[in-house]
Each structure stands twice: as structure tokens, then as C-alpha cells.
Amino acid sequence: MKVLKVGESYSARDSEGFVTPDSFFTNEILEMYVVEDKGGAIALMLAALLFLGTWPAVLTLLERRGRLPQHTYLDYSITNLLAAILIALTFGQIGDSKPNMPNFFTQLSQDNWSSILFAMAGGIVLSLGNLATQYAWAFVGLSVTEVITSSITVVIGTTMNYFLDDRINKAEILFPGVGCFLIAVCLGSAVHSSNSADNKEKLGGSSSNYKGIVYGDNKNGINDPKKDLENNLDSGSNHVLTSKTEKAKAGTAEFLIELENRRSIKVIGSNIFLGLGIVFFAGICFSLFSPAFNLATNDQWHTLKKGVPHLVVYTAFFYFSVSCFILAIALNLIFLYKPILGLPRSSLKAYVNDWNGRQWALLAGLLCGFGNGFQFMGGQAAGYAAADAVQALPLVSTFWGVVLFGEYRRSSKKTYVLLASMLSMFIVAVAVLMASSGHRKA
């Protein structure tokens with residue numbers, strides 16, 4: 001990974017945008033840690049891919065154990081913001097501030113509100129997307145949700161970033177990769193439809209045949225909205241249930257029924273289009289946050305006043321995360337008292353007393369925060385269109401979905417063929433998208 005070193009001048013660069021060896025000035029020091037080459041950018045994108053593919057599995061695990069998504073998302077939001085603050089205070093604050101690249105604290109007082117608003121707009125749409133996927137994971141499944149949302153993100157968002165980045169990515173390589181993701185959207189929808197049919201057939205032939213399932217309006221896939229968790233949590237009692245689900249064989253009707261009784265979001269009998277609608281909404285939100293961040297850091301629309309430096313990636317990520325945090329907290333506090341999709345009503349007091357699984361929700365926030373930060377750092381060096389290769393995170397999420405949750409166990413041959421085809425498209429797409437990366441000129 002090529003970075004600026006102490007004693008090098010940031011402004012002296014060769015024709016490709018790299019620091020030149022003769023740009024050494026003994027009185028100058030590095031203002032911040034900056035990724036300088038494509039290799040370093042790809043390393044960051046791979047780390048982001050691992051982090052961003054893992055945190056959804058952590059939140060899914062908590063929901064399947066019965067923890068309310070409102071409680072989980074409030075915890076997650078705290079450490080997600082903390083990650084952005086840590087990145088800003090370390091990478092963004094090292095060394096002296098310089099006119100062409102001010103450090104974090106210097107930039108907080110500059111007249112750059114147009115770029116700040118772009119960054120905060122990106123945080124808002126990301127927050128809406130993440131919030132929607134938390135419910136989509138229950139209805140559609142972790143693997144398919146991540147495939148469809150990531151594919152929509154690439155098809156729309158990567159195309160926008162390509163033009164915003166002044167076409168620094170290789171179009172002849174980039175757009176075939178986008179095409180692979182577009183095909184994956186169709187395959188992901190087909191996997192969900194086939195797997196839903198498999199589950200319906202299993203439940204229809206089960207001796208239990210839905211007996212013992214605890215929900216109210218199962219036509220809409222929701223449970224009794226009148227249930228109130230506050231009495232259960234006032235004393236900090238455990239509501240992350242234990243059950244026979246771990247003993248039942250994954251993929252069987254008994255497993256599905258016991259899981260339904262245990263989880264917080266009831267999904268058996270839900271309309272197939274309810275889950276897909278949530279997924280497509282999330283995908284559209286995700287497709288907009290990276291272009292907004294791109295505009296915040298590179299000012300392609302020339303909204304900044306003359307002489308005002310662009311937002312550095314660390315400062316932009318801070319504002320991005322602040323808006324993401326504010327919206328997430330506001331919406332989830334409302335959902336505590338007025339829950340959606342028939343979830344039990346809760347309260348702020350119940351949330352504070354709910355320590356079961358909290359450490360995992362906090363970990364998920366850190367993984368997501370650092371994953372997004374690494375994605376943006378890589379995108380600033382290699383182009384945000386290429387950085388969207390981290391949207392191949394379903395490769396990681398599917399691994400966790402199969403290993404941890406037994407998704408697609410005992411499914412039909414048709415489902416397995418569609419699943420294999422979907423993942424094959426992602427393997428090709430991530431390789432093609434990363435191969436399209438260029439290098440941003442100074």
C-alpha cells in the first residue's frame with residue numbers, strides 16, 4: 001500500500017498522481033494517512049467486503065433468537081457512529097493541516113456546507129436502506145436479500161459513479177460486470193420464489209402442520225401487535241429465547257416451525273411480494289449513498305466556493321455517519337412505541353434493560369462502520385465505481401447464512417441450481433468490477 005510518508009510533500013506528484021521521489025522537504029510532515037495505489041485500494045475493498053458481509057449475519061442471528069430489531073438497531077447505530085469518529089480522529093487528524101488537504105478539525109470550521117449536505121444525504125439513504133434490510137432478512141432470507149440489494153446498488157449506483165468519476169474506470173470491463181449483477185437480481189428473485197415454494201411444501205406435509213406457531217395475522221406474516229415487552233424486560237429478564245430449534249434438523253418443517261415461534265418477526269404465510277418490496281426499496285436507497293458521498297468528496301458539480309478545499313474522505317465520512325445515526329435513532333425510538341409489521345410494542349426503558357445479545361449488536365455496528373470507511377477510502381484512490389465491488393458481499397453473507405442458519409437445507413434441486421447460478425454471477429461480477437479500477441488523478 002503506497003502512502004504519503006513523513007517528509008514528503010502532498011502537492012508534488014507525477015503524471016499518474018503519485019508522489020514523486022524528489023518531492024522531499026525536511027520541514028514538511030504528512031497531514032494524514034492516504035492510500036496512493038490501486039493495490040492498497042483493492043486491499044481496503046477486500047477488508048470492507050469481509051466486514052460488510054458479516055455484520056448482517058450478526059443482526060440476523062439476534063432476530064432469529066427473538067431480540068427486537070428496534071433494540072438491536074439502536075445498539076448498532078451507536079458503534080456505527082463511533083467507528084466514523086475513530087477514523088476521523090486517527091487517519092484524518094495525523095500530522096499538520098495543509099491548504100490542499102486540511103485535517104479533520106481544521107475542516108470542521110471551513111465553509112463547505114454544500115459538500116456536507118451531500119455527505120449527509122448519503123448517510124440518510126444508507127440508514128433507510130439498512131433499516132429496511134433488517135426486516136427483509138426475516139422475510140426473504142439473508143442470502144437473497146443481500147444479492148438483490150447489492151445488485152441494484154451496482155446497476156444504478158456504479159453507473160452514476162462511473163460518470164461522476166470522469167470515467168476513470170475501464171468501461172469495457174466495468175459494464176459487463178454491471179450486467180452480471182443485473183442478471184443476479186433476476187436469479188435472486190427466482191431463488192426466493194423457489195425456496196418459498198419448498199418451505200410451503202414442507203409445512204404442508206408436516207405432521208405439525210403449523211400447530212404451535214405463535215402469531216396473529218399470518219396472512220401478512222406478522223404477529224400479535226398487542227404484545228408488550230416492557231413487563232418482560234423491566235427486570236432485565238432474558239427474552240432472547242432458547243428453544244428446540246437447535247435440536248431440530250435444519251431445513252425440516254419442524255425446524256421452520258420452531259424457528260417461527262422463536263424469532264421476533266413472524267414470516268410464515270407472508271405474501272412473497274411483501275419481502276421483495278422491502279428488498280427493492282432498500283436496494284434503491286443503497287444505490288444512492290455512494291454517488292452522494294462521491295459528490296461530497298470530489299465536488300464534481302462545483303458547488304464549493306473558490307479556494308475552499310474538497311472534503312477529505314474522513315471528514316465526509318464523519319458527517320455521513322452523523323446523519324445516518326440521527327435518522328436511525330429517531331425512527332427506532334418511534335418504532336419502539338409504534339412498531340411496524342406487527343412487532344411487539346416496547347419502550348425506552350425496556351430497551352435499556354435489554355442486555356441479551358447487546359454485545360453482538362455493538363460489534364455489528366463497528367463492522368459496518370469500518371467496512372463503509374474502508375470502502376470510501378478505497379474508492380477515493382481507485383474510483384467509487386470500482387469500490388462498489390464490495391457489493392459482492394452476498395458471497396460472505398451466503399456463507400454465514402448456510403453455515404449459521406441452515407438456509408436452503410433440504411431444498412429442491414431447482415433451488416440449488418438457481419442458488420449456484422446466482423453465486424456464480426457474483427464471483428464473476430466482483431472480479432470484473434475490481435479489474436475495472438483506475439486511479440484518480442490529483
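Helix axes here are lines fitted to C-alpha atoms over the stretch in contact, and angles run from 0 to 180 degrees between N-to-C directions. Helices (H or I, at least four residues) are DSSP runs, numbered from the N terminus. The model is predicted: local features need pLDDT of at least 70, side-chain atom pairs count only at pLDDT 80 or more, and totals for chains, interfaces and linings use all residues. Residues are numbered from 1 along each chain as its sequence is written, and side-chain values use heavy atoms, with hydrogens and water left out.

**Stop 1: H5 and H9**

Select helix H5 (residues 142-164) and helix H9 (272-298). Their axes come within 8 Å and cross at roughly 30°. That makes H5 roughly parallel to H9 (angles under 35 degrees count as roughly parallel, over 145 as roughly antiparallel, 65 to 115 as roughly perpendicular and the rest as oblique). The crossing is right-handed (the near helix is turned clockwise from the far one by less than a right angle; anticlockwise is left-handed). Now color the contact by residue type. The contact of H5 with H9 holds 14 nonpolar residues, 9 polar and no charged. Nonpolar covers Ala, Val, Leu, Ile, Met, Phe, Trp, Tyr, Cys and Pro; charged covers Asp, Glu, Lys and Arg; the others, Gly among them, are polar.

**Stop 2: H2 and H10**

Move to helix H2 (residues 69-90) and helix H10 (residues 313-337). Here the angle is about 165°, with the axes 9 Å apart. H2 and H10 are therefore roughly antiparallel. H2 passes H10 in a left-handed crossing. The contact of H2 with H10 divides into 20 nonpolar residues, 6 polar and no charged.

**Stop 3: the salt bridges**

A search of the whole structure finds 5 salt bridges (a side-chain nitrogen of Lys or Arg within 4 Å of a carboxyl oxygen of Asp or Glu). Stay on H2 and show Asp75. Its side chain meets that of Arg67 in a salt bridge, 2.9 Å from N to O. Arg67 is buried, at 0% relative accessible area (buried is under 20%, exposed over 50%, partly exposed in between, with a 1.4 Å probe and protein chains only). Asp75 is also buried, at 2%.

Arg358 and Asp75 form a salt bridge at 3.0 Å, N to O. The pair links distant parts of the chain: Arg358 lies in helix H12 (residues 358-382), 283 residues from Asp75. Both Arg358 and Asp75 are buried. Show Asp354 as well: shared partners join Arg67, Asp75, Asp354 and Arg358 into one network of salt bridges.

Next, select Glu63 and Arg263. Their closest N and O atoms are 2.7 Å apart, in a salt bridge. Glu63 sits in helix H1 (residues 38-64), and Arg263 in the loop between helix H8 (253-262) and H9; they are 200 residues apart. Glu63 is buried at 5% relative accessible area, and Arg263 at 7%.

**Stop 4: the cysteines**

How many disulfides does a search of the whole structure find? It finds 0 (a disulfide needs a pair of cysteine sulfur atoms within 2.5 Å). Select Cys368 and Cys324. The sulfur of Cys368 is 7.3 Å from that of Cys324, its closest cysteine sulfur, too far for a bond. Cys368 is buried, at 2% relative accessible area. Cys180 is buried too, at 13%.

**Stop 5: Ser421**

Finish at Ser421, in helix H15 (residues 413-435). At 30% relative accessibility, Ser421 counts as partly exposed. Show Leu187 with it. The two C-alpha atoms are separated by 7.3 Å, while Ser421 and Leu187 are 234 residues apart along the chain.

Technical notes
Helices (H or I, at least four residues) and strands (E, at least two) are DSSP runs, numbered from the N terminus.
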